[in-house]
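Here are some notes on the model you sent.

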Amino acid sequence: MEDDGQPRTLYVGNLSRDVTEVLILQLFSQIGPCKSCKMITEHTSNDPYCFVEFYEHRDAAAALAAMNGRKILGKEVKVNWATTPSSQKKDTSNHFHVFVGDLSPEITTEDIKSAFAPFGKISIAHKNGQDLEG
């Protein structure tokens, strides 16, 4: 395939709750053949979003340009390239994310790093939404 390794999956966000995978596939297939659509509606407080995968990079790029900012069922959708661990092609077999909640406000990022340091290398620690390289 001529575009092997180039992204072919789009993130489509800010969707109306009435949008379905079938509707998205109908709209995006007018630009190029779609391989799949995966709708994510599990977050009750957030708007639904989906991932549309095309067979060809050029069709995905055309859909990104054509559909970003368009209204679908009254809502202006946001279309971007999807970023997933599989598209980044990084080895994540020994990389884990750990969420630690209900911490006292006195706990610092350094406290968290110290607590987890005996278990291996820490690449990033998050405290109150801030990223700190470790």
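1. Helices and strands here are DSSP runs, numbered from the N terminus: a helix (H or I) takes at least four residues, a strand (E) at least two. On that basis, the order from the N terminus is β-α-β-β-α-β-β-β-α-α-β-β. That gives four helices and eight strands. Keep in mind that this is a predicted model.

2. Overall numbers. The chain has 134 residues, and buried ones make up 25% of them. Take the contacts with a separation of 6 or more: 54% of them come from residues 24 or more positions apart.

3. Salt bridges. How many salt bridges does the chain have? The count is three. Each is taken up below.

4. Lys-35 with Glu-53. Their side chains form a salt bridge at 3.8 Å, N to O. The pair links distant parts of the chain, 18 residues apart. Lys-35 sits in strand S2 (residues 34-40) and Glu-53 in strand S3 (residues 49-54). Lys-35 counts as partly exposed because its relative accessibility is 48%. Glu-53 is also partly exposed, at 22%. The cut-off for buried is under 20%.

5. Asp-47 with Lys-75. This salt bridge has an N to O distance of 2.8 Å. Asp-47 lies in the loop between S2 and S3, and Lys-75 in strand S5 (residues 75-76), so the pair ties together parts 28 residues apart in sequence. Asp-47 is partly exposed, with 34% relative accessibility. Lys-75 is partly exposed too, with a relative accessible area of 24%.

6. Arg-58 with Glu-56. Here the side chains meet in a salt bridge at 3.8 Å, N to O.

7. Nonpolar surface. Which residues form a nonpolar patch on the surface? They are Val-98, Val-100, Leu-103, Phe-116 and Phe-119. Together they have about 490 Å² of accessible area.

8. Is Phe-119 buried or exposed? Phe-119 is exposed, because its relative accessible area is 71% and the cut-off for exposed is over 50%. Phe-119 is found in the loop between helix H4 (109-116) and strand S7 (124-127).

9. To sum up. Lys-35 and Glu-53 link strands S2 and S3. Asp-47 and Lys-75 tie the loop between S2 and S3 to strand S5. Phe-119, in the loop between H4 and S7, is one of the residues of the nonpolar patch.

Definitions and conventions
Residues numbered from 1 in each chain as written. Predicted model: local features only at pLDDT ≥ 70, side-chain atom pairs only at ≥ 80, totals over all residues. Heavy atoms only, no water. Patch = residues over 30% accessible without salt bridge, like charges linked within 9 Å, V, L, I, M, F, W, Y side chains within 5 Å. Areas by Shrake-Rupley, 256 points an atom, 1.4 Å probe, with all protein chains shown as cover. Salt bridge = Lys/Arg side-chain N within 4 Å of Asp/Glu carboxyl O. Buried < 20%, exposed > 50% of the residue type's maximum accessible area, 1.4 Å probe, protein only. Contact = heavy atoms within 4.5 Å.
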